[in-house]
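Here are my notes on this one, written for someone new to reading structures. Keep the viewer open and find each spot as we go.

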Amino acid sequence: MKKRIFAIVLSLILVISLAACAGNTPKEENENGGGNSEGETTSGEPVMGGELIVGVTNDLDASLDPHVSSSSAGTREVLFNVFEGLVKPDSEGNIVPAVAESYEVNDTADVYKFVLREGIKFHNGNEVTTKDVVYSLSRAAGLLGGEPLVSDVAGIAAVEADDTTRTITVTLSAPDAEFLAHVTTAIIPEGIDPATEAVGTGPFKLASRTVLESIVFEKFEDYWGEPAYLDKVTLKVIDNAETLVTSLKSGAVQMATHLISSQVNELPDMNILEGSSNAVQALYLNNSFEPFTDVKVRQALNYGINQQEILDIAFDGHGTLLGSSMFPAFKKYFMDELTNFYPYDPDKAKELLAEAGKSDLEFTITVPSSMQQHVDTAQVIVEQLKQIGVNAKINQVEWATWLEETYRGRQFEATIVSFDAHGVAASDLLARFQSDNGKNMINFNSPAYDEKFKEAMSTTDDAAQTAAFKECEKILTEEAANVYIQDVASFVALAKGYEGFKFYPLYVCDFSTIYKTE
């Protein structure tokens, strides 16, 4: 089973409806476009050079080591411009050449061979060698000692290189038909300290960083592919939603992503692009917290929360309703029939709470204060739950606190965030709910789920794998692991005179396509 990388189109196709009406066509959490039905601005002639200042609500992770900075989607989103894997996704969901120029997969999907691109350079000027590739994948997979740094490649059993043919052979411990989507893992030079030196092969290189203030990227002149238009991109950390809008109005920043309708309605003089977050927003429940250990209580919350009302009140009707941990861009896996699995039914919710002996339920929803879309959602949910006798309170915390205490420490009762697929594989969204997965922050424990997920990952038959993943989604819904809400509409605000922004079917922001116009 041989495949040329540039001929492959994954089933993950971007399903986004784009709007061009500035100020009244909002959507949330991933990227936003604003000029036409193709999801990018294209009216002006591109100019090489220039600078762009982008307002971001959260600083990047403390370490920019691409193998350990995966906890923050925002960090991965931005480092897409700096680091590349053997392959990478494009804006249409295709897997395209990057550090490798081609690949082959054996019939049992447990041996992958990659041919290294000739003459490709790192940001430090050194050429990428097969030795660097072997080091990078071995390090990420934990083959150099210790636990795997990147869970997606934890199944690698061996990485070998043939310098004569520039071929890297990756042998897996078990078949994995989705492994190609995970070799987007960054290739870095051997011999550097990745925690302090962000050296990749992408179109931009890291120029400077001031923690909690700014990150500056400069164009990499020796980039192997299509060069970036802009000479410099500065990310300015603005952790207050109102201040961000004010900065956009004044021109202090020229771009911001992940805006919501109420924000873009205040920006009539900017290009507003609308797309999908490609992330699953939910009221995530700590299944080990009493009484969320009781499925009836979790189901009661599902019946007591009106998804459509959340969209109507907090998002001007924009967004795509979800019923499980899968969003529409994963076309063949998305199950629209799960969306209304728990129709809004306050009486049913009260009945279930009574059966569980929890008619006086109280709990706290922890929300990152810098993410207005989640704060707004929490406020609507709190009011809805009052109708079924549930007293929920909101605890707004800084992003760093949320990461450390809620995500890593699992010290929470409920939280509202969006989880994205950091790659282009269905398992990226579903793996975290395995009982023994390190990212299983909600402490979901279902033997049936574990078995179905294992089944999905062990087959090379596409139809069988798809069916198994769908069963995983059903289990999450039926067992009410969380209260699923939406794939939030995502808006991008881009100053006039800048064009070229593209949406991706996953959580990345590609600065290389943005340009100034005449």
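1. A term to begin with: contact means heavy atoms within 4.5 Å. Helices (H or I, at least four residues) and strands (E, at least two) are DSSP runs, numbered from the N terminus. This is a predicted model, where local features need pLDDT of at least 70 and side-chain atom pairs count only at pLDDT 80 or more, while totals for chains, interfaces and linings use all residues. Residues are numbered from 1 along each chain as its sequence is written, and side-chain values use heavy atoms, with hydrogens and water left out.

2. Let's look at helix α5 (residues 295–304). Eight of the 10 residues in α5 are buried, so this helix is mostly covered (buried is under 20% relative accessible area, exposed over 50%, partly exposed in between, with a 1.4 Å probe and protein chains only). The buried ones are V297, R298, Q299, A300, L301, N302, Y303 and G304. What sits over them? The cover includes β15 (279–285), α7, β17 (362–368), α8 (372–386), α12 (462–478) and β20 (482–487).

3. Two packed helices are described by the angle between their axes and the distance between the axes. For α5 and α7 (residues 346–355), the axes come within 8 Å and cross at roughly 165°. Here axes are lines fitted to C-alpha atoms, for helices over the stretch in contact, and angles run from 0 to 180 degrees between N-to-C directions. The two helices are therefore roughly antiparallel to each other (angles under 35 degrees count as roughly parallel, over 145 as roughly antiparallel, 65 to 115 as roughly perpendicular and the rest as oblique).

4. Now for the residues at that meeting. From α5 come K296, V297, Q299, A300, Y303 and G304, and they meet P346, K348, A349, L352, L353 and E355 of α7. By class, the contact has seven nonpolar, two polar and three charged residues (Ala, Val, Leu, Ile, Met, Phe, Trp, Tyr, Cys and Pro count as nonpolar, Asp, Glu, Lys and Arg as charged, and the others, Gly among them, as polar).

5. Which way do α11 and α12 run relative to each other? The axes of helix α11 (residues 447–458) and α12 come within 8 Å and cross at roughly 160°. That makes α11 roughly antiparallel to α12. On the α11 side the contact uses A448, Y449, K452, F453, E455, A456 and M457, and on the α12 side Q465, A468, F469, E471, C472, I475 and L476. Sorted by class, that gives 10 nonpolar, one polar and three charged residues.

6. Next, the core. In soluble globular proteins, nonpolar side chains tend to be buried together. A nonpolar core is a set of buried Ala, Val, Leu, Ile, Met, Phe, Trp, Tyr and Cys residues joined through side-chain atoms within 4.5 Å. The largest one here has 46 residues, and L235, L248, M255, L259, F501 and F511 have the most contacts inside it. Elements that each supply at least two residues include β3 (51–56), α1 (73–79), β12 (232–237) and α3 (241–250). β21 gives the largest share, five residues.

7. T234 is found in strand β12. Is T234 buried or exposed? T234 is buried, at a relative accessible area of 16%. Leaving aside neighbours within four places in sequence, T234 is in contact with L52, I53, V54, S214, I215 and V216.

8. Most residues other than glycine have a negative phi, and most peptide bonds are trans. L212, though not a glycine, has a positive phi of about 70°; L212 lies in the loop between β10 (204–210) and β11 and counts as exposed at 64% relative accessibility. N443 also has a positive phi, near 60°; N443 is in the loop between α10 (427–430) and α11 and is partly exposed at 22% relative accessibility. The peptide bond from E290 to P291 is cis, with omega near 15°, and P291 lies in the loop between β15 and α5.
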